[in-house]
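I opened this notebook to record what I looked up, entry by entry.

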Amino acid sequence: MTAGVLDGKKVASGIREGVAKKTAELKARGVTPGLTVILVGGDPASKVYVGQKEKACREAGFNSVLLEMPGTATQEELVEAIARLNAAPSVHGILVQLPLPGQIDPDSVIAAIDPAKDVDGFHPVNVGHLVAGIPCMVPCTPLGIIRMLETYAIPMAGRHAVIVGRSAIVGKPMAHLLLAKDCTVTICHSRTPDLASFTRQADILVAAVGRPKMITADMVKPGAVVVDVGINRLETGLVGDVDFEAVREVAGWITPVPGGVGPLTIAMLLENTLTAAIRDRL
Ligand code: NDP
């Protein structure tokens with residue numbers, strides 16, 4: 001059996017069309033959703049991501065602003081910039097591109113963002129609300145994965161979801177979202193012994209590690225839904241955490257890299273910013 005491909009690009013394009021339509025309606029009522037992205041220093045991968053986000057914002061009709069700060073910027077300077085954006089009525093979303101230079105503590109910076117404008121969903125208030133099941137800004141990557149599973153009508157209730165990776169950006173929020181969908185959830189990480197014994201139990205397997213092709217065919221239950229979050233830049237190009245060609249012969253559904261989870265992350269950033277703009281209007 002060859003797995004069906006979960007086409008993240010296609011799902012993302014549908015979401016982006018919906019956002020653009022609602023944005024046009026909002027603009028007719030005098031509100032333009034505004035996202036400011038702060039980039040500190042010139043990390044090349046960050047520049048690529050920021051460029052993709054800006055382009056998507058423009059295409060959706062948003063007011064997109066890039067605030068570039070030098071790599072030598074201090075934490076105080078960054079927090080002051082965030083305070084100004086918190087107070088600016090035209091700014092509905094604030095995103096600080098990670099990673100930050102070593103002299104800056106990312107946790108303090110994220111905590112300085114107004115939770116209502118925290119379109120990445122990383123602020124402790126949003127994290128707490130997610131855990132408590134209170135509506136909030138949810139991190140874009142796991143939110144996009146849920147949207148994709150819903151779009152393909154993948155059953156979640158009662159399924160065993162195994163997540164490899166426990167980062168605050170992907171693994172942990174993914175676990176809470178799948179739990180809210182009534183999955184039984186297992187989270188694995190670098191200290192998990194015999195990883196394959198867990199992954200082989202997964203009806204839904206989410207790989208969010210950052211190790212090229214580490215999920216091999218023998219680690220996957222036949223018919224499982226395999227979601228590959230990993231983005232690994234090799235000389236040969238981009239690869240995920242899943243050995244796509246081999247695993248697609250075992251799985252029921254699988255996301256490609258590129259064209260899987262990545263486009264959904266950007267689409268959900270747009271949706272979160274639109275939501276922030278609509279809430280601000282209420
Ligand atoms: P982190 O480095 O923050 O987390 C990686 C996680 O993988 C950690 O929890 C770590 O465990 C775990 N891990 C590391 N090695 C192993 C191992 N051998 N076995 C099991 N678990 C292991 O990464 P992120 O969560 O930020 O990102 C993960 C991947 O997803 C990266 O490739 C990143 O580029 C990509 N990504 C893609 C996005 C997209 O839009 N497609 C968005 C965000 C990320 P421990 O906690 O014990 O160290």
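**Entry 1: Nonpolar cores**

I began with the largest nonpolar core, which has 51 residues. I noted the residues with the most contacts inside it: Leu149, Leu178, Ile204, Val206, Val227 and Val229. Helix 10, residues 261-281, gives the most to this core, with nine residues. I record here that the model is a predicted one.

I then looked up what leucine 178 touches beyond four places in sequence. The list comprises Ile146, Leu149, Met156, Ala161, Ile163, Cys183, Val185 and Val206. Another core, of 19 residues, lies apart from the largest one. I found Leu195, Val226, Val247 and Ala251 among the residues of that other core.

**Entry 2: The ligand site**

Which residues are the closest to the ligand? I counted 19 residues around the ligand, and the closest are Arg166, Ser167, Ser190, Ile231 and Thr265. The shell around the ligand divides into eight nonpolar, nine polar and two charged residues. Helix 10 gives the most to this shell, with three residues.

I next looked up polar atoms at the ligand. An oxygen atom of the ligand is 2.5 Å from an N or O atom in the side chain of serine 190. For the side chain of threonine 265, I noted 2.7 Å between an N or O atom and an oxygen atom of the ligand. A nitrogen atom of the ligand is 3.5 Å from a polar backbone atom of histidine 189. On its own the ligand has 930 Å² of accessible area, and the protein covers 70% of this.

**Entry 3: Threonine 273**

I returned to helix 10, where threonine 273 lies. Is threonine 273 buried or exposed? Threonine 273 counts as buried because its relative accessibility is 0%, under the 20% cut-off. Its side chain reaches the backbone oxygen of leucine 269 at 2.8 Å. Leaving aside neighbours within four places in sequence, I listed Gly34, Leu35, Phe62, His92, Gly93 and Val119 as contacts of threonine 273.

**Entry 4: Asparagine 232**

I located asparagine 232 in strand 9, residues 232-234. Asparagine 232 has a relative accessible area of 7% and is therefore buried.

Glycine 158 lies in the loop between helix 6 (140-151) and strand 5 (160-164). I noted a relative accessible area of 59% for glycine 158, so this residue is exposed. Outside four places in sequence, glycine 158 is in contact with Asp182 and Cys183. I also looked up lysine 181, which is 23 residues from glycine 158 along the chain; their C-alpha atoms are separated by 8.6 Å.

Alanine 153 is found in the loop between helix 6 and strand 5. At 61% relative accessibility, alanine 153 counts as exposed. I recorded a positive phi, near 55°, for alanine 153. In general, most residues other than glycine have a negative phi.

**Entry 5: Lysine 213**

I found another positive phi at lysine 213, about 55°, although this residue is not a glycine. Lysine 213 lies in the loop between strand 7 (204-207) and strand 8 (225-228). With a relative accessible area of 44%, lysine 213 is partly exposed.

I placed leucine 98 in the loop between strand 4 (93-96) and helix 4 (106-112). Its relative accessibility is 24%, so leucine 98 counts as partly exposed. Leaving aside neighbours within four places in sequence, leucine 98 is in contact with Ser46, Pro106, Ile110, Phe122 and Ile169. Leucine 98 and valine 125 are 27 residues apart in sequence, and their C-alpha atoms are 19 Å apart in space.

What is the peptide bond from leucine 98 to proline 99, cis or trans? I noted that this bond is cis, with omega near 0°. Proline 99 lies in the loop between strand 4 and helix 4. A cis peptide bond also joins valine 257 and proline 258, with omega about 0°. I found proline 258 in the loop between strand 11 (253-254) and helix 10. Most peptide bonds are trans.

Methods: Residues numbered from 1 in each chain as written. Predicted model: local features only at pLDDT ≥ 70, side-chain atom pairs only at ≥ 80, totals over all residues. Heavy atoms only, no water. Core = buried A, V, L, I, M, F, W, Y, C linked by side-chain atoms within 4.5 Å. Buried < 20%, exposed > 50% of the residue type's maximum accessible area, 1.4 Å probe, protein only. Helix = DSSP H or I, 4+ residues; strand = E, 2+ residues; numbered from the N terminus. Contact = heavy atoms within 4.5 Å. Near = heavy atom within 4 Å. Polar contact = N/O pair within 3.5 Å; in protein donor to acceptor, adjacent residues only side chain to side chain. Areas by Shrake-Rupley, 256 points an atom, 1.4 Å probe, with all protein chains shown as cover. Nonpolar A, V, L, I, M, F, W, Y, C, P; charged D, E, K, R; others polar.
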